[in-house]
Amino acid sequence: MKHLKLLFIFFLFSFGITYAQKRESGNLVLENIPMPVQAIQARMAQYHNVRAASLADWDVTGKSILISTRFGDANQIHKVSFPGGDRQQITFEKEPVSNAFVCPNPSNQGFIFLRDVGGNENYQLYYFDLASSQKHLLTDGKSRHGSLTWNHKGDKYLYTNNQRSTGDLDIYEAQLNDPSKTRMIFQGKGGGWQIGDWSADEQQILVQEYISINESRLYLLNTKGTMEAFNPSKKQIAYSHAQFSKDGKGFFFLSDEDSEFMQLRFYEFSTKKITNLTQKINWDVDNFELSQSGKWIAFTTNEGGYSKLYILDTQNNYYQSIGNIPNGVIGSMRFNPDNERLALTINSATIPSDVFVVNIQSGKLDRWTFSETGGLNVSGFTEPTLIEYPTFDKVNGKSRMIPAFLFTPKNVSGKVPVILSIHGGPEGQSLPTFNSLIQFWANEMKIAVLVPNVRGSSGYGKTYLKLDNGVLRENSVKDIGALLDWIEKQPNLDAQRVSVYGGSYGGYMSLACMTHFNARLRCGIDLFGISNFVTFLKNTSPYRQDLRRAEYGDERDPKMNLHLEQISPLTNIKNITKPMLVFQGKNDPRVPISESEQMVNALKNNSNSVWYIMAKDEGHGITKKANRDQVNVAIAQFLEKFLIGELPK
């Protein structure tokens, strides 16, 4: 038997096929992944133990804050009762819990949270009773739920659900204490339906139908089931984040109508007039929060990737910026019931997310959480520099400029290797937020990291956002070619040692860059990326198919099908001759595992060196610490060998 196995291995090598070494470690299946190097594990240990905290909600009394943070393997809900106070863990789930929607009724003392299993994104609603410390399931345990919205009394809530049809989202009304009275109030077609707000009299619901990042529709839905389109127009308009005013006279919303950017607006029912409240700000308003009194609106703008916080007085629509907020990115926001304090999540490139509270009258800022950085000195972290580089086409006779963040290692001389880290979406935006993996690459491996926002990224106006749609897809890949040209001109960057890295759509970009610029790259890393647009669109979850066709094109159209096949990395696999590392979650509902499997198989058939990791308990991402630690070590070893190692002669 032993001789037969040796003969089989000899047969594989004689035909140029590398024998695939498979093993399992925890919930990971690893193929061609070497055993972890202890020195790298030790170097990464502190980075793996960096924590972060994000705001979930104030408790119903307004005295404590609920946050999401991790002490075990996955994020859970904790309570903090004062600035710098202990983080008291409330939920103890095996799966991550990131949201808590506190019941507005003080007598209930509880909250609803969402949880899926293994990253399958079939989120269920659970009610957690703080008095008894018990939870109970509110939904069917199978289908996908989301867009949770409480009524003002706290005895009812709304949510979306795809129980009737996996490709469609419907809206349901439920009673907290009597689930038998749950009823469907709207039957939707498609997977883009989201609930904005529920009026105080419970008669109207603001509903958004998301079609693409460039187009959505806003509706007023009566709880009896009748729906009226808001501002019907033949123009392509994007709407977001609608909320009724507290006096019931209208509602606030975000829209890019007749503007390059999303702006905060108010619609008055009696006059049917729309007032643009932020037309003088030439950046996207990306979020807003209305105080419970209705007097204040806190809103944030995205200014070149950095957040700026403003407070608007709804009595006169006058707003001013809050100036003492740390330079970084602001996440979720919630007003305290006292209407004077605003809790918010702040993240910067050198400080992980933490929760702060600002007094909007005095401007005083208190830090409520102090997340550990694994014993690392934050002063040693690398700050990014915002750069712009010229790409292949022109705007008004001048080269179009592409923004990017550059993380440069400290205390190094000579040229350093480079990783191009490309965001997903494709409508996402790389922001100057903390990333422990980037900090490890820069500080410990002395690798520069370039994080570009190629065309199609959000945050730079809707014209820029549309530049990669449909048949323009590969123009964003050309932007990476221009970035490689820019690297060649930099005295401190080694153009002979460049790798590309990305997840989801960024995974597609990594694969596409390897097919286009194979000779200029040392290796590539693809995390759950699209390898073939046609098979991706056929196999992604039904509720997402039309939403993605709006961005990539409809594969059911023969001409578009041909185009999508032609630009897919799998079609151009022969162009990849450099080493690849691929990671995939088995339960991914967005980019199914078949996308990675067919790429890995094609690479092996092409006699490529390919490292493959499959997580049995992950979906679209890596949410479990044990998995993330192992994957990051494998990535570091891959880069050590193929990026930093000696150049081939």
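I began with Trp-486, which, leaving aside its neighbours within four places in sequence, is in contact (heavy atoms within 4.5 Å) with Ile-387, Glu-388, Tyr-389, Leu-406, Leu-450 and Leu-493. Trp-486 is also listed, with Tyr-389, Leu-420, Leu-450 and Ile-487, among the residues with the most contacts inside the largest nonpolar core, which has 57 residues. I take such a core as a set of buried Ala, Val, Leu, Ile, Met, Phe, Trp, Tyr and Cys residues joined through side-chain atoms within 4.5 Å. Apart from this core lies another, of 42 residues, including Phe-405, Leu-437, Phe-440 and Val-633. In soluble globular proteins, nonpolar side chains tend to be buried together.

I note here that the model is predicted, that local features need pLDDT of at least 70 and side-chain atom pairs count only at pLDDT 80 or more, while totals for chains, interfaces and linings use all residues. Residues are numbered from 1 along each chain as its sequence is written, and side-chain values use heavy atoms, with hydrogens and water left out.

I then looked up the confidence, pLDDT, which the predictor gives to each residue from 0 to 100. The mean for the protein is 92, and 97% of its residues reach 70 or more. Over residues 1-19 pLDDT stays under 50, and for this stretch the model has eight contacts beyond four places in sequence.

Next I turned to Arg-115, which is placed in strand E8 (residues 110-115); strands (E, at least two residues) and helices (H or I, at least four) are DSSP runs numbered from the N terminus. Arg-115 counts as buried because its relative accessibility is 16%, where buried means under 20% relative accessible area, exposed over 50% and partly exposed in between (1.4 Å probe, protein chains only). Beyond four places in sequence, Arg-115 touches residues including Glu-93, Glu-95, Asn-122 and Tyr-126.

I followed strand E8 into an open sheet of four strands, ordered E7-E8-E9-E10 with antiparallel pairing, two strands being paired if DSSP finds at least two bridges between them. Strands E7 (101-102) and E10 (134-137) stand at the edges with a single partner strand each, so one side of each has no neighbour in the sheet. E7 and E8 pair over two bridges, and Phe-101 has Ile-112 in E8 as its bridge partner.

I checked the cysteines for disulfides, meaning pairs of cysteine sulfur atoms within 2.5 Å, and the count comes to zero. Cys-523 is in no disulfide, and its nearest cysteine sulfur, that of Cys-513, is 13 Å away. Cys-523 is buried at 0% relative accessibility, and Cys-103 is likewise buried at 0%.

I looked at Trp-611 in strand E38 (residues 610-615), and found Trp-611 buried at 6% relative accessibility. Its C-alpha atom is separated by 6.2 Å from that of Val-582, 29 residues apart along the chain.

Last, I went through the backbone. Most residues other than glycine have a negative phi, and most peptide bonds are trans. A cis peptide bond joins Gly-425 and Pro-426, with omega about 5°, and Pro-426 is in the loop between strand E33 (416-422) and helix H3 (436-443). His-241, in strand E19 (residues 239-244), has a positive phi of about 50° and is partly exposed at 31%. Asn-396 has a positive phi near 55°, lies in the loop between strand E31 (385-395) and strand E32 (398-407), and is exposed at 78%.
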